[in-house]
Each structure stands twice: as structure tokens, then as C-alpha cells.
Amino acid sequence: MQGQMVIEEPVRLASVLTSSKPNFLPSLTKIVGTLGPKSRSVKVIEGCLNAGMSVARFDFSGFDGTYHQETLDNLRTAVENVNKLCAVMLDTVGPELRICNNNGNPIELKVDGHVTITPDVCREPSAEVLPVNYAGLAETVKKGDTIFLGQYLFTGSETTSVWLEVLETKGPDVICLVKNTATLAGFIFTMHVAQVHINLATLTDIDKKLRAFLKTQNLHETQIFAKVENVEGLKHFDEILQEADGIILSRGNLGIDLPPEKVFLFQKSAVHKCNISGKPAIITRVVDSMVENLRPTRAEATDVANAVLDGTDGILLGAETLRGLYPIETIQTVGRICFEAECVYNQGLNFKKIVKHVGEPMSHAESVASSAVRAANKVKAAIIVVFTASGRAARLVAKYRPSVPVVAIVIPRLTKNSLNWTFSGTSQARQCLGVRGVYPILASPNVATSGRATEESGLKLALNHGKSVGLVKPNDQIVVFQKIGDSSVVKIVELGD
């Protein structure tokens with residue numbers, strides 16, 4: 001089972017009393033921050049980037065295109081100000097059952113009260129009637145089924161979501177018992193019926209043509225991550241993983257579609273499958289209480305650590321940074337927890353599992369990538385430096401879960417479009433930011449055009465970066481993964497005083 005750790009007594013227990021990592025040391029696990037009302041100013045975004053945010057998420061289930069464009073412009077300014085790369089994640093809206101509260105007035109529901117869910121969207125939402133945008137609900141549910149409803153769905157700790165139990169159906173209406181007192185606030189409430197198939201297309205025609213559309217827009221490097229959030233996604237997980245570039249486990253929805261005692265099993269299984277396939281896995285809903293509190297609960301802190309031990313590539317913060325009171329502090333706290341968990345991550349065991357899955361004979365690329373990680377372990381290297389143009393080599397090395405950072409020197413390519421010659425490389429570098437342990441550095445375009453060896457200048461970039469963040473010090477050894485001609489080679493470099 002995934003999630004195993006290495007413990008050496010009494011050293012590990014003694015380490016509990018030592019100081020936590022300095023804030024400037026990056027964790028291998030990436031942090032995705034959702035930008036919104038509490039985190040969209042240039043100043044706060046700068047703080048998020050400095051705190052460790054690698055990917056900025058834009059949630060298109062709320063706000064309009066103008067709002068998100070303004071936030072994106074602020075992100076660009078912040079990135080330039082702090083001189084850090086940041087990837088952008090656009091979270092598109094899938095099929096949803098929704099209740100539109102057009103006047104925005106809060107709706108208070110009391111425990112043991114009754115509420116009617118109706119497809120008549122002309123009705124005004126109230127504590128007695130909730131109109132939903134789906135005409136077939138009464139034909140789908142039965143007595144005893146569970147319905148969750150709220151702006152952010154049920155977390156167990158919020159009072160902004162409600163848990164309903166179906167009592168009966170009357171024609172197209174569904175009569176429900178209110179199981180907890182809650183105040184529904186906002187203009188849109190999402191509805192989820194636990195473990196019941198709703199006859200809405202999981203993929204729209206636009207979704208099915210997404211890769212083709214990206215190609216028409218010359219966005220060949222843009223990756224598609226599939227968000228798995230219900231039993232249907234669980235049943236088809238292997239097929240989804242095969243087609244997607246990465247997986248997001250949406251535990252908020254999974255936590256209400258699956259029995260609570262089953263969520264961790266799916267998480268461990270799904271993350272393991274992503275690991276052995278070399279595709280990023282990102283976990284959501286980890287520190288919900290930090291929306292309003294400066295510290296996570298003990299259970300939440302342990303949950304973050306266990307996700308890292310399971311092998312997750314990234315932690316996605318949603319409401320915690322979107323509308324939370326402490327977006328910067330939340331990123332810092334999650335980063336520190338990830339760092340501590342990484343110190344006891346059982347790299348050797350997971351390395352063997354991935355090698356076994358790949359099997360023999362290995363391809364040349366897999367062989368050299370795994371050798372780079374094996375060499376780094378043997379010599380206790382400080383970092384692994386990978387020269388790459390597309391980012392694929394760095395991602396392949398990261399697949400073998402090295403215990404040290406992979407510094408990817410992205411070499412720009414000179415390409416020609418219909419009008420002129422341009423350099424690529426920025427998007428390739430950003431794509432690496434969603435992968436555990438990979439820290440991309442974009443090399444100068446001069447490297448691509450000079451025709452001289454890139455190793456010296458690339459190594460200088462990597463070492464300067466490593467020294468600036470405390471990863472590299474005198475007399476350290478580093479492992480270098482580089483392509484020469486049609487072959488890839490690995491070598492060990494020892495640094496001087």
C-alpha cells in the first residue's frame with residue numbers, strides 16, 4: 001500500500017523537536033492556489049508566489065471572463081515583480097445541478113425542517129422551495145437518498161452547506177428533510193446527489209474536442225488534467241488516466257459521493273496509478289478550516305502529510321485561498337507540512353515499484369532517467385540537473401520520485417510561424433511546475449542560437465539558483481542528465497569549495 005514512510009529511531013522522533021524548514025526552502029510537492037476575491041491583488045499574489053505557489057488556478061464556475069482576465073493581468077504583473085515562473089490552471093465548468101439565487105438573499109434552513117426541490121425555475125428560492133435546473137430529479141431519486149446543497153458543498157465543518165434526505169416525490173418535485181442547520185449564501189448553489197447517476201452528459205461536445213481545439217489555437221503544449229469527483233469517474237479511472245495529462249482528485253465531491261471510510265482507499269489507489277504512469281496527481285480539500293483560521297486542525301495537517309506520503313504531486317487549495325482570510329499563510333503552512341513529510345517519504349520502496357511496473361527491457365529514455373535518480377541516491381546528490389527543450393526529460397526523471405529537486409534547464413527552441421521566427425520555451429517551462437520536484441529555469445535564447453555547448457551556461461544557471469535557495473553548497477555532488485545527439489547520458493559532477 002502507498003503512504004509508507006521511513007523511520008529510524010530514535011533519530012526521527014528527535015527530529016520532531018528540531019526547527020521546521022526555513023520558509024525559503026521549497027518543498028518538492030507543488031502547491032496550486034486558487035485566485036479570487038481574497039487573493040487577486042498584485043500584492044497578495046506576490047505574497048502567494050513567494051510563499052511557494054507554483055500554479056495559479058482560475059475557477060470558471062464563478063465570476064465572468066472580465067473578472068478572470070483582470071486577475072490574470074495581476075498575476076502577470078506579480079510574476080514579473082518577484083521574478084518567478086507560475087503556471088496557470090483554468091478549471092472549466094462541468095455538468096452541474098444548480099440553484100440560482102438571483103437576488104442573493106441568504107436562505108436559512110433549519111434542522112428537521114422540510115424543503116421542496118422543484119424544476120420550476122420561475123419560483124423564487126426560499127427556505128421552503130429551491131428551484132433546480134434539472135427536470136428529471138424526481139424520476140432519479142428515491143426515498144432515503146442523500147442530497148448535498150451549498151455554495152461550496154458539504155465539508156463537515158462549514159455552515160454554508162446543507163445535507164438533505166429525500167422523503168418522497170410529488171410529480172416533478174422532491175420533498176426533503178433538512179439534516180443540519182445552514183445558511184445558504186451567494187447567488188449560485190451547487191447540488192450533488194450521492195451515488196445516484198444524473199442524466200447529464202459528463203463530457204460536452206466542446207470537452208470531447210478539446211485537444212483538437214487547442215491545436216487550432218497553436219496551444220500544443222497546453223495540458224489537460226481530468227478532475228475525478230464521483231463514482232462514475234472512479235469506475236472509469238483507468239481510461240481517464242490513459243487519456244489525461246494529469247489527474248485532480250476532487251475530494252470535496254468524492255467525500256460526499258463515496259462513504260467517508262472509502263475515500264482514502266480510492267485516493268491511495270488513484271495516486272499510485274498516477275505515480276507508476278508518470279502522470280501528476282493533485283489532491284484537493286485539505287485544510288478547509290484555514291478559510292477562517294490561521295492554523296489547520298491536527299487532522300488536516302496529518303491529511304496533508306499522508307497525501308505526500310501517498311505520492312501526490314501537488315496540493316490544490318480552493319476556498320482556502322479564493323475566499324480565505326489567510327491565503328499567504330495557508331500556502332506557507334501547507335508547504336512546511338509537505339517538506340516535513342518528504343523527509344520521511346520512502347523513496348527507495350516507491351522507486352522499486354515504478355521500475356517493476358515499467359518492466360524490462362526498458363526503453364533508453366526510461367533507463368537513463370531511472371539511472372539518474374539511482375545515481376543521485378547513491379552519491380547523495382544535492383540536485384539533479386536536466387537539460388530539456390520540451391520538458392519531457394525532466395518529467396521522466398521526476399517519475400522515479402527522486403528525493404532531491406530536479407532543476408530543469410529549459411533550452412528555448414527557434415521556431416517559425418507564418419510570419420516570423422520566435423523562441424519557444426516559456427510554456428514548456430511552466431508545464432513542469434505541476435510536477436513533483438521539478439523546478440524549471442528558462443535558459444537564454446542565446447543558448448539556442450550560438451551553436452556552442454549548453455552545459456557550462458546551463459550548469460551555471462542551475463547552481464546559481466540552487467545556491468540562492470539553499471539547495472546547493474560547496475563540495476556537494478550533483479547529477480546531470482543531458483541529451484547528446486540521439487542519446488541521453490548521466491554524469492556526476494562534484495562541486496569545489
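# A walk through the predicted model

In this predicted model, helix H15 has as its buried residues Glu366, Val368, Ala369, Ser370, Ala372, Val373, Ala375 and Ala376. Just after H15, lysine 380 takes a positive phi of about 55°.

This helix belongs to a protein chain whose secondary structure comes to 19 helices and 23 strands. Of the 497 residues of the chain, 48% count as buried, and its accessible surface comes to about 24300 Å², with 53% of that area belonging to carbon and sulfur atoms. Among contacts between residues at least 6 apart in sequence, 68% join residues at least 24 apart.

Leaving aside residues up to four places away in sequence, serine 403 touches Leu28, Gln347 and Asn377. Its C-alpha atom is also 8.2 Å from that of glycine 437, although 34 residues separate serine 403 and glycine 437 in sequence.

Aromatic rings give another way to follow the fold. A pair of aromatic rings is described by the distance of the centres and the angle of the planes. The count of aromatic pairs comes to four. One of them is the stacked pair of phenylalanine 148 and tryptophan 163, with 6.4 Å from centre to centre and 15° between the planes. This pair links distant parts of the chain, with phenylalanine 148 in strand E8 (residues 146-150) and tryptophan 163, 15 residues away, in strand E9 (residues 161-170). Phenylalanine 148 is buried, with a relative accessible area of 7%, whereas tryptophan 163 is partly exposed at 34%. Phenylalanine 237 and phenylalanine 266 form an edge-to-face pair, with centres 5.8 Å apart and 85° between the planes. Because phenylalanine 237 lies in helix H8 (residues 237-243) and phenylalanine 266 in helix H10 (residues 260-277), the pair ties together parts that are 29 residues apart in sequence. Phenylalanine 237 is buried at 3% relative accessibility, and phenylalanine 266 also counts as buried, at 9%.

Side chains of opposite charge can pair when their charged atoms come close. The whole structure holds 16 salt bridges, and one of them joins aspartate 91 to lysine 227, with the closest N and O atoms 2.7 Å apart. Aspartate 91 counts as buried at 10% relative accessibility, while lysine 227 counts as partly exposed at 34%. Elsewhere, lysine 142 and aspartate 145 meet through their side chains in a salt bridge of 3.2 Å, N to O; here lysine 142 counts as exposed at 55% relative accessibility, and aspartate 145 as buried at 9%. Salt bridges that share partners also join Arg57, Asp59, Asp91 and Lys227 into one network.

Strand E3 (residues 87-91) also contains valine 88, which counts as partly exposed at 41% relative accessibility. Together with Phe60, Leu90 and Val93, Val88 forms a nonpolar patch on the surface, with about 330 Å² of accessible area for the four residues together.

Terms used: Residues are numbered from 1 along each chain as its sequence is written. This is a predicted model: local features need pLDDT of at least 70, side-chain atom pairs count only at pLDDT 80 or more; totals for chains, interfaces and linings use all residues. Side-chain values use heavy atoms; hydrogens and water are left out. Contact means heavy atoms within 4.5 Å. Buried means under 20% relative accessible area, exposed over 50%, partly exposed in between (1.4 Å probe, protein chains only). Helices (H or I, at least four residues) and strands (E, at least two) are DSSP runs, numbered from the N terminus. Patches are made of residues with over 30% relative accessible area and no salt bridge: like charges are joined within 9 Å, nonpolar side chains (Val, Leu, Ile, Met, Phe, Trp, Tyr) within 5 Å. Accessible areas come from the Shrake-Rupley method with a 1.4 Å probe; for residues, only the protein chains shown count as cover. Rings of Phe, Tyr and Trp (its six-membered ring) pair if their centres lie within 6.5 Å; planes under 30 degrees apart count as stacked, over 60 as edge-to-face and the rest as tilted.
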